[in-house]
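Hi,

Here is the structure I said I would pass on.

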Amino acid sequence: GPVQIGTNSDWTQVYATESSAIGVKRDGSVWKWGDLYLRPDGDWYKPREQTHPEPVRWNLDGSDWVARTGSSLFDLVLHRDGSLWISGRLPQNLMRRYFNVEPAGGPWRFGAGTNWAEVDASDNMLAAIKTDGVLVENDLQAYSLFGTSCTRDPSRYSDWIAVTVPWIGSSLALAADGTLSCWIRLPDETADGRTLLGPTRKPFWSLNILNAPSKSP
């Protein structure tokens, strides 16, 4: 059954990641609990210190963050002005940029753009929606000979309003007309078990959640 986290009752938001959770209080302070591999300052926890059933104060305080996501190694936060910020250990590839170092700490602003509206991430996948409704996928672990990340626009439509990364190698997005679409990479003979070109423009699975259920005969 449900287990209460801590004893406080001033939580306003909560975000789930793969092995940890992020909570925000009324005062704008940010806390994390679960399996935490990095300390708030970006240094590594010792193996016996990684499990945290009680919330730990994090370095992402502020009332202007509108979305928070990430993995066990990094945090991504979306500012109210549409800018994207990252804290922790940088993934190998991020939005067409290849990193050969893993700086710790943060948060740092990623790029100069202010056109991000929604973002979700896991250890190996990032999915985001821009302010113009375009959906973007980013394989965080894929290496490119040209030094750019495997970033794709999996859909030709630009009316997406919400996105999430529900499991490895997939993304799930909701369109303004109620269409819920899922892109998933099927196993093949490539070394990492994913298709070389990534998802097609056609969803692997799609339904409209606003349609009235049909009556059985």
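Predicted model: local features only at pLDDT ≥ 70, side-chain atom pairs only at ≥ 80, totals over all residues.

Asp 64 itself counts as partly exposed, at 36% relative accessibility.

Now the overall picture. The protein chain has 18 strands and zero helices. Of its 217 residues, 45% are buried. If you take the contacts in the chain with a separation of 6 or more, 42% of them are between residues 24 or more positions apart. The accessible surface comes to about 12,000 Å², and carbon and sulfur atoms account for 55% of that.

On to the inside. The largest nonpolar core has 17 residues, and the ones with the most contacts inside it are Leu 76, Leu 94, Met 95, Val 119 and Leu 126. Four strands each supply at least two residues of this core: S6 (74–79), S7 (84–88), S11 (116–121) and S12 (125–130). Setting aside its neighbours within four places in sequence, Leu 76 is in contact with residues including Ala 67, Thr 69, Leu 84, Trp 85, Ile 86, Val 119, Ala 121 and Leu 126. There is also a second, separate core of 11 residues, and among them are Tyr 15, Tyr 45, Leu 60 and Val 77.

Back to the charges. In one, the side chains of Asp 75 and Lys 32 meet at 2.9 Å, N to O. This pair links distant parts of the chain, with Asp 75 in strand S6 and Lys 32 in strand S3 (residues 30–35), 43 residues apart. Where does that leave Asp 75, buried or exposed? Asp 75 counts as buried, because its relative accessibility is 5% and buried means under 20%. Lys 32 is buried as well, with a relative accessible area of 4%.

Next, the rings. The count of aromatic pairs comes to two. In the pair of Trp 65 and Trp 85, the ring centres are 5.9 Å apart and the planes are at 75 degrees, so the pair is edge-to-face. Trp 65 lies in strand S5 and Trp 85 in strand S7, so the pair ties together parts 20 residues apart in sequence. Trp 65 is buried, at 12% relative accessible area, whereas Trp 85 counts as partly exposed at 23%. Trp 85 is also one of the residues in contact with Leu 76.

Lys 25 is worth a look as well. It lies over the face of Trp 11, at 5.0 Å from the ring centre. The charged end of Lys 25 also sits over the ring of Trp 31, 4.4 Å from its centre.

Last, two loop positions. Arg 156 lies in the loop between strand S14 (150–152) and strand S15 (160–164), and it is exposed, with a relative accessible area of 61%. Its C-alpha atom is 8.1 Å from that of Val 134, which is 22 residues apart from it along the chain. Gly 111 is in the loop between strand S10 (108–110) and S11, and it is partly exposed, with a relative accessible area of 39%. The C-alpha atoms of Gly 111 and Ser 83 are separated by 8.1 Å, the two residues being 28 apart along the chain.

Cheers

Terms used. Residues numbered from 1 in each chain as written. Heavy atoms only, no water. Core = buried A, V, L, I, M, F, W, Y, C linked by side-chain atoms within 4.5 Å. Buried < 20%, exposed > 50% of the residue type's maximum accessible area, 1.4 Å probe, protein only. Contact = heavy atoms within 4.5 Å. Salt bridge = Lys/Arg side-chain N within 4 Å of Asp/Glu carboxyl O. Phe/Tyr/Trp six-rings, centres within 6.5 Å; stacked < 30°, edge-to-face > 60°. Lys NZ or Arg CZ within 6 Å of the ring centre and 35° of its normal. Areas by Shrake-Rupley, 256 points an atom, 1.4 Å probe, with all protein chains shown as cover.
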